[in-house]
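Open the model in your viewer and get ready to select residues by number. We will go stop by stop.

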Amino acid sequence: MGKKSRARAAAAGTRLDPHRVVDESGKAARGDKEKKVGAHAHPEWAPHLNTASEDLTAKLFTLVEVILGVVPVVVIGLFLASKDATSVDKLTDVFSQDPSMVVTFISACLQPFVAYMLYMIYRKYCEGDAGFAAGNLIGLLCSEILLLNIPGVIGMGILLWRVWRNVAPHFESWLFERRLTGVVADIAGSLVILVLAFLCATAARGLSGM
């Protein structure tokens, strides 16, 4: 007997026997597991996540993730078109002749990692982890400024502005509760990207002064 048939039989048996009790402990346990949030979460704004405003926030996160994810493809396409590099060998020659393009290419390759970080940030935001969301968005915004990535700067600024009204009341308490080691652990991903962005910015400045 299939699962649907067994479910129909069980429902029919329950209707025929009004004293029968169906054990829904498993369903309740699954529901509790789905609602579990982080140890440092502040889920009091969770009921508001179903509002039209928060639906727009979710769409903006997705839009920025998609834009940043395709940045390397766009940059490679521009390289191939502008330098008539129709093969990998020619593209290698272009890079060897103009080292600044290597820096630009590395900067572009960081953007998919930024997009993945945004995916993680939004998940934590929905759980109510205010510090993780705000701290990492601030770190990513600084990274995009260092990389001079205008779409990234605009995107991070908009997302930070959208979530700040919910995370701001808990940001200071997150700093005091987590202390230095906890804060560093929470924003480790954006810190790695920030360090790489700083190296790219330093290399670009050095090459421009050659």
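**Stop 1: a loop**

Select Leu 148. This residue lies in the loop between helix 8 (130-147) and helix 9. Keep in mind that you are looking at a predicted model. Check the backbone here. Leu 148 has a positive phi of about 55°, although it is not a glycine. Is Leu 148 buried or exposed? Leu 148 counts as exposed, because its relative accessibility is 69% and the cut-off for exposed is over 50%.

Now jump to Arg 179. You are in helix 9. Arg 179 is not a glycine, yet its phi is positive too, at about 60°. Its relative accessibility is 63%, so Arg 179 counts as exposed.

**Stop 2: the whole chain**

Zoom out and switch to a cartoon view. How many helices and strands does the protein chain have? The count is 10 helices and zero strands. Follow the chain from the N terminus and the elements run α-α-α-α-α-α-α-α-α-α.

The accessible surface of the protein chain is about 13200 Å². Carbon and sulfur atoms hold 66% of that area. The chain has 210 residues, and buried ones make up 32% of them.

Look at the contacts next.

**Stop 3**

Select Arg 165 and Glu 54 and show their side chains. They form a salt bridge, and their closest N and O atoms are 3.5 Å apart. This pair links distant parts of the chain. Arg 165 sits in helix 9 (residues 150-186), Glu 54 in helix 3 (residues 52-69), and 111 residues separate them. The contact between the two side chains is also a polar contact, at 3.5 Å.

Arg 165 counts as partly exposed, at 41% relative accessibility.

Select Ala 58, which lies in helix 3. Ala 58 is partly exposed, with a relative accessible area of 22%.

**Stop 4: the other salt bridges**

Why can such side chains pair? Side chains of opposite charge can pair when their charged atoms come close. How many salt bridges are counted in this model? The count comes to three.

Select Lys 124 and Glu 127. Their side chains meet in a salt bridge, at 3.9 Å from N to O. Both residues lie in helix 7 (residues 111-127). They are three residues apart, about one turn of the helix. Lys 124 counts as partly exposed at 25% relative accessibility. Glu 127 counts as partly exposed at 24%.

Next, select Arg 178 and Asp 186. Here is another salt bridge, with the closest N and O atoms 2.9 Å apart. Asp 186 is buried, and its relative accessible area is 14%.

**Stop 5: the nonpolar core**

Hide the surface and go inside. The largest nonpolar core has 26 residues. Select Leu 68, Leu 118, Ile 121, Leu 137, Leu 140 and Met 156. These are the residues with the most contacts inside this core. Which elements give two or more residues to this core? They are helix 3, helix 7, helix 8 and helix 9. Helix 9 gives the most, with eight residues.

Center the view on Ile 121. Leave out residues up to four places away in sequence. Ile 121 then touches Phe 61, Phe 132, Ala 133, Asn 136, Leu 137 and Leu 140. Color these neighbors to see them around Ile 121.

**Stop 6: one face of a helix**

Finish at helix 6 (residues 99-109). Select Met 101, Val 103, Ser 107 and Ala 108, which are buried. Now turn the view until you look down the helix axis. The buried residues of helix 6 fall within an arc of 155°, so they line one face of the helix.

Notes
Residues numbered from 1 in each chain as written. Predicted model: local features only at pLDDT ≥ 70, side-chain atom pairs only at ≥ 80, totals over all residues. Heavy atoms only, no water. Salt bridge = Lys/Arg side-chain N within 4 Å of Asp/Glu carboxyl O. Helix = DSSP H or I, 4+ residues; strand = E, 2+ residues; numbered from the N terminus. Buried < 20%, exposed > 50% of the residue type's maximum accessible area, 1.4 Å probe, protein only. Core = buried A, V, L, I, M, F, W, Y, C linked by side-chain atoms within 4.5 Å. Contact = heavy atoms within 4.5 Å. Polar contact = N/O pair within 3.5 Å; in protein donor to acceptor, adjacent residues only side chain to side chain. Areas by Shrake-Rupley, 256 points an atom, 1.4 Å probe, with all protein chains shown as cover. Arc of directions from axis to C-beta.
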